[in-house]
Amino acid sequence: MESILKLQNVTKHFGGLVAVNNVSFEIEKGEILGLIGPNGAGKTTLTNLISGIHWVNEGKIEFEGNDITLLPTHKRCHLGIARTFQISRPLKNMTVVENVMVGALFGKKSNLKLARREAEEICNQIGLEKLDTHFDKITVLDIKKIELARAMATNPRLIFLDEVMSGLNMDETRHMIETVRKIRNTGVTVCIIEHVMSVIRELTERVIVLDRGQIIAEGPYSEVSAQHNVISAYLGEDA
Amino acid sequence: MKTIKYSVILLLLIAAILLPIFTDAYFISVAITILTFMTLSLSWDMMLRTGQLSFGTAGFFGLGGYTAVIISADLGVDLFVSIIIGGLVAGGIAFVLGIAILRLREIYFAITTLALASVFSVVIRNLHKITGGPSGKIVFNTLFDYDSTKIYWLMLGIALGTIVISELFKRTRIHFAVDSIRADEVVAKSHGVDIFKYLIFVFVVTSMIQGVVGAAYALQYGFVSPESTFSPHYLLLPISMALVGGIYSTIGPIVGAIILGLSSEYLKLVMPYGHLIIYGVIIVLVVLFIPRGFYGTIRDFISERKHR
């Protein structure tokens, strides 16, 4: 398999706290990869490093063979790396469709008319209605969907979904799982960060388990979830 | 609905152009002042839409004024060309400074831009040979030889040009860049917005407008001095006008400039020594009770009723 993203010995510390410690892994083209681990394991920091919100202290990040370690965030987006935010960050001064248009306008570089049409199409696929409402009149699920739609509008080749399922009920989760499958089937590589294990079990072909900034296990979910060190990372040593 | 909107705009435009024919010299001079501050107010608001509170308005206004007077007095440059060069110099300096200061945010950016006007005026005060130092500088031929009707049309033209630029900013991708930067920079850049590029662009364009206004204003009187040209008036009044009218819009600063411009003239006549107190009270009341300004409040009221 060809890899789309390659991390080599990536380290990030905030002052004395080492958030990501010497992490190396690859994401394969076309897969759905799960990134799991207990709270504070460094999953979101890793996403921030890959999307360029934070700079790495050491190590190297390659995307489709190009070194992107020093590339600013917006250029990584232009190359095809998209992400959603764990705590949803709707652009509060815009309507639903305008939020999504930002992705199409600047990620994909469409013109206004085209961006509007693309945004409507993506909202349609993801099941977002009431396109012209302001964010303060929509539900949590819709805000989650905006995150996803806005990221998809940038026309990514690799997308990071940071806890898109949290706070959703069963039906909504079902719907989200189907949506993620559809996204992968259009040829986008997906890396999903999730605490809901049933989602990870159902969606992913491979998972990487992080604990205290380091990779402690890697493989199919069924194998990894049985490993002693993974269980103790989640539940403590005595479990 | 659209035809009504466009006919109203057309009527207002014709009224604005024909205004000097129907009014006396006093009213024309009031109108010129209002147009001057309206343009500054609008340019300040355009920068504010990026989320950056700039206090540099008076600084770039003064730079434009000084540039125009110096090059027309010493180099004999045509007055209209001087106005354009005044804008270009202000824009150029904004570009160079912007590379450094647009890395700052919020209060740090605001304070730095506030310092700019002082720095400019201190430098100019000490460059005696070029700027005339503390006593200022004079150019003997003034714009249209004090013909206030023509000056009115010139200022109207500059104001209309700024209105057009502001509307272009509102109707193109610039609007989406600027609004997303204001709402959440991390989201903006994660979705491909080159934040720095757009901030520099808006900062340079608005500074150029301020430079042009400063140049046109200085050449009306043919005089610049560090105190009068860099006066905090050219910062505080435009900000007040935008706040009173309603920020983040084109119409807001226009409405605010007309309301505050007319009321300050009227108050000056009624109570020559106390008018600034009333003026201040108006601004405080607006900020307290209709923080979105006159236009902003009416607009939101109408759109809320529509959606009900």
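Predicted model: local features only at pLDDT ≥ 70, side-chain atom pairs only at ≥ 80, totals over all residues.
Is B:Gly293 buried or exposed?

**First stop: B:Gly293**

Select B:Gly293 and display helix H15 of chain B, the element in which this glycine is found. B:Gly293 has 26 other C-beta atoms within 10 Å, and because the threshold for a buried residue is 20 or more, it is classed as buried.

Next, select the residues in contact with B:Gly293, leaving aside its neighbours within four places in sequence. These include B:Leu243, B:Val244, B:Gly245, B:Gly246 and B:Ile247.

For a sense of distance within the chain, draw a line from the C-alpha atom of B:Gly293 to that of B:Val119; it spans 32 Å. In sequence, 174 residues separate B:Gly293 and B:Val119.

**Second stop: confidence along chain B**

Colour chain B by pLDDT. The average for chain B is 91, and 99% of its residues score at least 70. Select helix H15 of chain B again, residues 293-307: its mean pLDDT of 83 is the lowest among the elements of this chain. Then select helix H10 of chain B, residues 195-221, where the mean reaches 96, the highest among those elements. For the complex, the predictor gives an ipTM of 0.91 and a pTM of 0.92.

**Third stop: the interface**

Show both chains and select the residues in contact across them: 21 residues of chain A meet 17 residues of chain B. On the chain A side, highlight helix H2 (73-79) and helix H3 (96-107), each of which supplies at least two of the residues touching chain B. H3(A) provides the largest share of that side, namely six residues. Colouring the chain A side by residue class gives nine nonpolar, eight polar and four charged residues.

The C-alpha trace of chain A spans about 55 × 40 × 35 Å along its principal axes. Its radius of gyration is 18 Å, in agreement with the value near 18 Å that a compact globule of 239 residues would have.

Finally, colour chain A by burial: buried residues make up 45% of the 239 residues. Of the contacts in chain A with a separation of 6 or more, 65% link residues 24 or more positions apart.

Technical notes:
Residues numbered from 1 in each chain as written. Chains lettered and ligands numbered in written order. Contact = placed C-beta atoms within 7 Å. Helix = DSSP H or I, 4+ residues; strand = E, 2+ residues; numbered from the N terminus. Nonpolar A, V, L, I, M, F, W, Y, C, P; charged D, E, K, R; others polar. Rg over C-alpha atoms; globule rule 2.2 N^0.38 Å. Buried ≥ 20, exposed ≤ 12 C-beta atoms within 10 Å, placed from the backbone. pLDDT = per-residue confidence, 0-100.
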